[in-house]
Amino acid sequence: MGDVVAFPSRPEPQRPEPLWREAVGHELREERRTAERTLADVATGAGVSTQYLSEVERGLKEPSSEVLGAVAGALGLRLVDLTTRVSRRLTRISGPVALAA
């Protein structure tokens, strides 16, 4: 019998870290749907276009703090409430988080 050759194990592929804008968008969409509000309703309350809010919710746009505050306010949230929720979501994910793309 020959010697057994051990090959180094391959590391498991990791999921890419979520971006901050994706986590923010998820939280905003979740809050809007829980409140049973439409994109148009919240966008009007926040002073942004429906298309822009949709892109924010899908994590495609990186909104300014002013826009985040306006959207959060239109949903009855304070900006600190939104950022706390996003932080909690990101801490449940193992590994580092990418804050910008």
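Mentor: Let us begin with a definition: a residue is called buried when its relative accessible area is under 20%, and exposed when that area is over 50%. Please keep in mind that this is a predicted model. In helix 3, the residues that count as buried are L53, S54, E55, V56 and E57.

Trainee: What makes E57 buried?

Mentor: E57 has a relative accessibility of 5%. The cut-off is under 20%, so E57 counts as buried. This residue lies in helix 3. Leaving out residues up to four places away in sequence, E57 touches G25, H26, L28, R29, R32 and L39.

Trainee: Which elements cover the buried residues of helix 3?

Mentor: The cover includes helix 1 (20-34), helix 2 and helix 4 (65-74). Just after helix 3, G59 takes a positive phi of about 75°.

Trainee: Why is helix 2 called roughly perpendicular to helix 3?

Mentor: Helix 2 (residues 39-46) and helix 3 (residues 50-57) pack at an angle of about 105°, and their axes are 8 Å apart. Angles of 65 to 115 degrees count as roughly perpendicular, so helix 2 is given that description relative to helix 3.

Trainee: Which residues meet where helix 2 packs against helix 3?

Mentor: From helix 2 come L39, A40, V42 and A43, and they meet T50, L53, S54 and E57 of helix 3. By class, this contact has 5 nonpolar, 2 polar and 1 charged residues.

Trainee: How do you know whether V67 is buried or exposed?

Mentor: V67, whose place is in helix 4, has a relative accessibility of 18%. Buried means under 20%, so V67 counts as buried. Not counting residues up to four places away in sequence, V67 touches V48 and Y52. The C-alpha atoms of V67 and A46 are separated by 7.5 Å, although these residues are 21 residues apart along the chain.

Trainee: How do you know whether E27 counts as buried or exposed?

Mentor: E27 belongs to helix 1, and its relative accessibility is 5%. That value is set against a limit of under 20%, and therefore E27 counts as buried. With neighbours within four places in sequence left aside, E27 is in contact with L82, R85, V86 and R89.

Trainee: What makes a group of residues a nonpolar core?

Mentor: The members must be buried residues of the nonpolar kinds, such as Ala, Val and Leu, joined through side-chain atoms within 4.5 Å. The largest such core here has 19 residues, and those with the most contacts inside it are L28, V71 and L82. Helix 1, helix 2, helix 3, helix 4 and helix 5 (79-91) each supply at least two residues of this core. Helix 4 gives the largest share, 5 residues. As for V71, not counting residues up to four places away in sequence, this residue touches L28, V42, A46 and L53.

Trainee: What is the pattern of the protein chain, read along the sequence?

Mentor: The pattern is α-α-α-α-α. The chain contains 5 helices and 0 strands.

Note on methods:
Residues are numbered from 1 along each chain as its sequence is written. This is a predicted model: local features need pLDDT of at least 70, side-chain atom pairs count only at pLDDT 80 or more; totals for chains, interfaces and linings use all residues. Side-chain values use heavy atoms; hydrogens and water are left out. Axes are lines fitted to C-alpha atoms, for helices over the stretch in contact, and angles run from 0 to 180 degrees between N-to-C directions. Helices (H or I, at least four residues) and strands (E, at least two) are DSSP runs, numbered from the N terminus. Angles under 35 degrees count as roughly parallel, over 145 as roughly antiparallel, 65 to 115 as roughly perpendicular and the rest as oblique. Contact means heavy atoms within 4.5 Å. Ala, Val, Leu, Ile, Met, Phe, Trp, Tyr, Cys and Pro count as nonpolar, Asp, Glu, Lys and Arg as charged, and the others, Gly among them, as polar. Buried means under 20% relative accessible area, exposed over 50%, partly exposed in between (1.4 Å probe, protein chains only).
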